[in-house]
Structures are given as C-alpha cells and as structure tokens.
Amino acid sequence: MEATSVAAGGSSAEMAVDNAAGPGAVEKPRFDALMPSEMSGGRPQFRKVPVPPHRFSPLKRCWMEIYTPVYEHMKVDIRMNIKARRVELKTRKDTPDVSNLQKCADFVHAFMLGFDIADAVALLRLDDLYVDSFEIKDVKTLRGEHLSRAIGRLSGKGGKTKYAIENSTRTRIVIADTKIHILGSFVNIKVARDSLCSLILGSPAGKVYSKLRAVSARLAERY
C-alpha cells in the first residue's frame, strides 16, 4: 500500500511539473538593468578627487582634454571646485552605467599622480587597468645619498631604465620623489614592481634587464 501511495505521489509531482512547463505556465518576470539615475532613490552619486598643489597648473592647462572624454563620452558631470581645490564628479540622468563614475574618478586621480592624459585615458576605455602606488621606504629604509642613488638607479641615465621597464612590461611608471606609481594590468604591474624593487635593493640595471627579458618571453608565450 505504501509503495502504491509513493508511486501515486511521484506521478502527481511529475504532473505538476508538466503542467508548469505547459502552455498555461506563468513566465518569470524579466527586469531591465537600472539606470544610475534610478539607483539610491534617484539621488545622483558623487566622487571628489583632491588636487595637490603641484598639479594645479597642469590641470588648468589640460582641463579641456580631461573634460571632453568625461562629460561627452562617459556622460558624467565634472567641475573644478577652486575654493576646496578638488575635482568633483556627479552622475547624470543619461549616464549609461554606474561604473562610469568610478572610472572617471580613477582617470582624474591618475592624472593627479602625474600620468600623461594619453596614458590615463586608457582607464576609461579598458576594464582591467589599475594604478598601484608604493614608496621606496616600503622596500628598504634608505637615507641621504643612498636614497638619491636608489632613485637614480630607478630612472637610469636620461630615464633609460624606466623606459626599458615600461616598454617590456607594457606599463607606465611615474617616479615622484620617493613615491612610485605604476599604471597597467595586474600581471604587468607585478612584473614591473618586482624589477623596481630589485633596483631599489641594489641590483645593477644589466641584471634586471636580463631578468625582464626572460619574464617578458614567458608572458608572451602564455598570452
């Protein structure tokens, strides 16, 4: 009897599934993605990027080159707050994607760190680009002439070492006193950072070049 009732229960469950899949089945609702203007109760979202004193003049000079891609292509409002000395960004009703606001903030921040507009604008176009920053003292505590020599090793004669690392790892590097900023993809940033750390620790440029060649060849095979 029990077996018969179980069988009956199984057949009724199958019938219920069949009925659900039939012509009278209720379709699941499909919702379109929310626009940024519809998120957070329709209130606009903001980002504020502080302007360091030494980047105020370059910002003034390159303002239209920053304004055009942000306002026209990414559909994000941008203004310079001269009193507070910061760049302010805000979403609009026609902003297509909420991530555009953060991309624009990263783009402006990269320019403030010292990257060229042509390099920083890649942050707006590509998703897998990042900016990584560290200081020389994070790697090794150096003072006086030792610190000056380490900065000299990073740049090389006429920037030769820095350009060699940039070209082989497909990154962009800014050396601002004791701070180092690297713009690139996650894997490439790691390779460039390892090379810069070796130079800080005292490795000669020739040894770093040969290691870079080997790593670049491996990366070219992998990708």
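Student: At what angle do helix 9 and helix 10 pack?

Tutor: This is a predicted model, so keep that in mind. Helix 9 (residues 160-169) meets helix 10 (residues 186-200) at about 155°, and their axes are 9 Å apart. The pair counts as roughly antiparallel, because angles over 145 degrees fall in that class.

Student: Is the crossing of helix 9 and helix 10 left-handed or right-handed?

Tutor: Right-handed. On the helix 9 side the contact uses T161, I165 and T169, and helix 10 brings N188, V191, A192, S195, L196 and L199.

Student: How does that contact divide into nonpolar, polar and charged?

Tutor: Five nonpolar and four polar residues, with no charged ones.

Student: OK, and helix 10 against helix 11, what's the angle there?

Tutor: About 165°, with the axes of helix 10 and helix 11 (residues 205-222) 10 Å apart. Helix 10 is roughly antiparallel to helix 11, and the crossing is right-handed.

Student: Which residues make the contact between helix 10 and helix 11?

Tutor: From helix 10 you have V187, N188, V191, S195, S198 and L199. Helix 11 answers with A205, V208, K211, L212, V215 and L219. By class, that gives eight nonpolar, three polar and one charged.

Student: What does S198 touch?

Tutor: Leaving aside residues up to four places away in sequence, S198 touches S203, V208 and K211.

Student: Switching topic: how many residues are in the largest nonpolar core?

Tutor: There are 31. I66, L89, F107, V108 and M112 have the most contacts inside it.

Student: Which elements give two or more residues to this core?

Tutor: The helices are helix 2 (56-61), helix 3 (63-73), helix 4 (99-113), helix 5 (117-120) and helix 6 (122-125). The strands are strand 2 (76-81) and strand 3 (86-91). Helix 4 gives the most, with nine residues.

Student: What does L89 touch?

Tutor: Not counting residues up to four places away in sequence, L89 touches Q45, F46, R47, V49, V70, V76, D77, I78, L101, C104 and A105.

Student: And what lies apart from that core?

Tutor: Another core, of 20 residues, which includes F134, I173, V191 and V208. As a general point, nonpolar side chains tend to be buried together in soluble globular proteins.

Student: What about phi of D177?

Tutor: D177 has a positive phi too, near 60°, and is a residue other than glycine. D177 lies in the loop between strand 5 and strand 6 (179-184). At 59% relative accessibility, D177 also counts as exposed.

Terms used: Residues numbered from 1 in each chain as written. Predicted model: local features only at pLDDT ≥ 70, side-chain atom pairs only at ≥ 80, totals over all residues. Heavy atoms only, no water. Axes fitted to C-alpha atoms, helices over the stretch in contact; angles between N-to-C directions. Helix = DSSP H or I, 4+ residues; strand = E, 2+ residues; numbered from the N terminus. Parallel < 35°, antiparallel > 145°, perpendicular 65-115°, else oblique. Left-handed = near helix turned anticlockwise from the far one by under 90°. Contact = heavy atoms within 4.5 Å. Nonpolar A, V, L, I, M, F, W, Y, C, P; charged D, E, K, R; others polar. Core = buried A, V, L, I, M, F, W, Y, C linked by side-chain atoms within 4.5 Å. Buried < 20%, exposed > 50% of the residue type's maximum accessible area, 1.4 Å probe, protein only.
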